[in-house]
Amino acid sequence: MLVSAKEMLTKAKAGHYAVGQFNINNLEWTKSILLTAEELKSPVILGVSEGAGKYMCGFKTVAAMVKAMIEELNITVPVALHLDHGTYEGAKKCIEAGFSSVMFDGSHYPIEENIEKTKELVAICNEKGLSLEAEVGAIGGEEDGVIGSGEVADPDECKRIADLGVTMLAAGIGNIHGKYPENWAGLRFDVLAAIQEKTGTMPLVLHGGTGIPADMIQKAISLGVSKINVNTECQLSFAAATRAYIEAGKDLQGKGFDPRKLLAPGAQAICDTVKEKMELFGSVGKA
């Protein structure tokens, strides 16, 4: 069954490791991530963007698929189904559809409006036993049509949002979605430390986990990051493995394409990527 992300992230914060959020885009991705989490006995968060949800025939379809897959695959580790960078309206739809966790990205609103909308969603999620992620300071880059300017969050504004009772807080600290440019200045650990001081035991979230050096990941975890999002790296590994399979001509069956064989190398690449990240985040064996 699906669970709120609250307990797994509270344990991660106390244990100085991070739970990985891996975005799903289809059945193969979902299956690969769940099987890897079960193999490694790691809690996991399945992220779904609004665009991916639409592609997979709606949030109700996604929730039903994930719940059935957990049962059929005998998954025993904690799994949260989480809306990633959700709008106010999208968060409400996912709550109705059966998600166990949602993110409301109000970072593009003035802080007072972000607080007002977040406060309403906190009340709804508390009533239903769901976890809620909020954001302060837009994450740079573009992911699934969501564009952020890369603002650095104000620690005082982070405290105001955290005090509303959200489960976890994403704060911009120089991280971006997608590939990091060569001239990237790195994470603002001074800002992260200030946010940690202001928010105390609140689990912090690092978006844009692809491409951040391992030492920066580990330092971020030491400063309170308890959830790290990975999407681009899975996309790249899936695409590369699928492309190599096609170029090798192995997909030609004489009678046409077999999609199960065509997608198998990409699915394995997802497994390998997720395993590497879970080991880096320190969540192996923490279920």
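**Close-up 1. Strand 8 (168-171) and strand 9 (204-206) each supply at least two residues of the lining of the second largest cavity.** Strand 9 gives the most, with three residues. Helices (H or I, at least four residues) and strands (E, at least two) are DSSP runs, numbered from the N terminus. The model shown here is predicted: local features need pLDDT of at least 70, side-chain atom pairs count only at pLDDT 80 or more, and totals for chains, interfaces and linings use all residues. Residues are numbered from 1 along each chain as its sequence is written, and side-chain values use heavy atoms, with hydrogens and water left out. The lining consists of Leu169, Ala171, Ile173, Leu192, Leu204, Val205, Leu206 and Val225. These residues divide into eight nonpolar, no polar and no charged (Ala, Val, Leu, Ile, Met, Phe, Trp, Tyr, Cys and Pro count as nonpolar, Asp, Glu, Lys and Arg as charged, and the others, Gly among them, as polar). The volume of this cavity is about 40 Å³, and the structure holds two cavities of 30 Å³ or more. A cavity is a set of points, on a 1 Å grid over the protein atoms alone, where a 1.4 Å probe fits but cannot get out; lining residues have an atom within 4 Å of a point. Grid points are joined across faces, edges and corners, and a volume is the space filled by probe spheres set on the points.

**Close-up 2. Here are helix 5 (residues 88-97) and its buried residues.** They are Tyr88, Gly90, Ala91, Cys94, Ile95 and Ala97, where buried means under 20% relative accessible area, exposed over 50%, and partly exposed in between (1.4 Å probe, protein chains only). Their cover includes helix 3 (50-55), helix 4 (59-72), strand 3 (79-86), strand 4 (101-104) and helix 6 (111-128). After helix 5 comes Gly98, which has a positive phi, near 105 degrees.

**Close-up 3. Lys67 sits in helix 4.** Lys67 is partly exposed, at 40% relative accessible area. Beyond its neighbours within four places in sequence, Lys67 is in contact with Leu2 and Gly98 (contact means heavy atoms within 4.5 Å).

**Close-up 4. A salt bridge joins the side chains of Arg160 and Glu112 (2.8 Å, N to O).** This pair links distant parts of the chain, with Arg160 in helix 7 (residues 155-162) and Glu112 in helix 6, 48 residues apart. A salt bridge is a side-chain nitrogen of Lys or Arg within 4 Å of a carboxyl oxygen of Asp or Glu, and the structure holds 10 of them. Arg160 is partly exposed at 38%, and Glu112 is partly exposed at 49%.

**Close-up 5. Glu133 and Lys227 meet through their side chains in a salt bridge (2.9 Å, N to O).** Glu133 lies in strand 5 (residues 131-136) and Lys227 in strand 10 (residues 225-230), so the pair ties together parts that are 94 residues apart in sequence. Both residues are buried.

Close-up 6. Cys57 is in no disulfide, and the nearest cysteine sulfur, that of Cys94, is 15 Å away; a disulfide is a pair of cysteine sulfur atoms within 2.5 Å. Cys57 is exposed, with a relative accessible area of 64%. For Cys271, the closest cysteine sulfur is that of Cys234, at 9.9 Å, too far for a bond. Cys271 counts as buried, at 17% relative accessibility.

Terms used. 1 Å grid on protein atoms, 1.4 Å probe; cavity = no way out; pocket = protein on both sides within 12 Å on 5 of 7 lines; lining within 4 Å.
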